[in-house]
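Hi everyone, thanks for coming. Let me put the structure on the screen, and then we'll walk through it together.

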Number of protein chains: 2
Amino acid sequence: MARGSNRRPTDGELAILQVLWAMGPATVSTIQEKLEESRPTGYTTVLKLLQIMLEKGLVTRDETERRHVYAAKEKERVMKRSLVADLAQRAFGGSTAKLVMQALSEEDLSDRDRAEIETLLKKMRGE
Amino acid sequence: MARGSNRRPTDGELAILQVLWAMGPATVSTIQEKLEESRPTGYTTVLKLLQIMLEKGLVTRDETERRHVYAAKEKERVMKRSLVADLAQRAFGGSTAKLVMQALSEEDLSDRDRAEIETLLKKMRGE
DNA sequence: TTGACAATACGAAGATCTTCGTATATATTG
DNA sequence: CAATATATACGAAGATCTTCGTATTGTCAA
């Protein structure tokens, strides 16, 4: 198996994935600039991380142009699902419901958020 | 600052915390036996982890008896809140609501769970 | 073609995590 | 008390993560 396969992304990797999900495919320097806002990181560091992520299969790379273009491989949704499942597993005995309860009970949700969640639950009830 | 302070617990540490939260204060061998079910780990490894967790302030230790008794320091709720907040930060742009939406939309909740969550939301709406 | 610049590749250092072997200390029992 | 069992302490190895310095490669202009 390749390096770190089947493992959740590290903090650095996740920060990069967030950028890629938000911006779509991008070059190293673009990613690095964007990352600067939330997580200052040198150019070669970002590059190295992307190279490792490529090895791990977390991103794809288009080498057509001189400036390689990286893109997140896993769909955002798939990855986030697995992150939530992972936390549920590690901290909530595998129960996503418990995780949700915990999240809701501590948080000050906006009315809008709360309404959205209620709608979602209503839809689930219908099925 | 002490070792790894302000950092989220590692997988091994979290596994131990889960045992301590479930069983209350316990000796190394008790913890190790319990852990065997979910995460086979040798005795000295568990011991070492606990010693490190003590340094980090994740657990307390009662040395009165020959067999030291370890206990989770942070309240379960506090730690779990910070874990959820951490994931929201790292993967959902800081939005707990988005995290919850993601968790709910993918999961097959039992009717009971769904009802419980709806009750919680209703209560929040009242306030 | 060559010089200058821009981008990638590579390697290694320093931290942390997990694991375990071994040393040391403390009971227990015959 | 001596022998044995049981606990804890310590240190070090092997992995992974992050970071960065430096080497290499590719591009463009004069």
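Let's begin with a question: which strands of chain A does helix α1 (residues 11-23) of chain A lie across? Helix α1 of chain A lies across β1, β2 and β3 of chain A, and runs at about 95 degrees to β3(A).

Some housekeeping before we go on. This is a predicted model, where local features need pLDDT of at least 70 and side-chain atom pairs count only at pLDDT 80 or more, while totals for chains, interfaces and linings use all residues. Residues are numbered from 1 along each chain as its sequence is written, chains are lettered from A and ligands numbered from 1 in the order in which they are written, and side-chain values use heavy atoms, with hydrogens and water left out.

A few terms, too. Helices (H or I, at least four residues) and strands (E, at least two) are DSSP runs, numbered from the N terminus. Axes are lines fitted to C-alpha atoms, for helices over the stretch in contact, with angles from 0 to 180 degrees between N-to-C directions; contact means heavy atoms within 4.5 Å.

Now the sheet in chain A. Its three strands make an open, antiparallel sheet in the order β1-β3-β2; strands pair if DSSP finds at least two bridges between them. β1 (26-27) and β2 (59-62) of chain A are the edge strands with a single partner strand each, so one side of each has no neighbour in the sheet. β1(A) pairs with β3 (residues 69-72) of chain A over two bridges, and Thr27(A) has Val69(A) as its bridge partner.

On to chain A's domains, whose bounds come from an automatic or database domain assignment. Domain 1 covers 11-72 and domain 2 covers 76-126. Their C-alpha centres lie 28 Å apart, and four residues from each domain take part in the contact. Together the two domains bury about 350 Å², 84% of it on carbon and sulfur atoms; buried area is the accessible area (1.4 Å probe) that two parts lose on being put together, summed over both. Leu14(A), Trp21(A) and Leu58(A) supply 89% of what domain 1 of chain A buries there, more than any other three residues.

Finally, where do the chains come together? Helix α4 (residues 76-91) of chain A packs with α1(B) at about 50 degrees, their axes 8 Å apart. In that packing, Gln89(A), Arg90(A) and Ala91(A) meet Asp11(B), Leu14(B) and Gln18(B).
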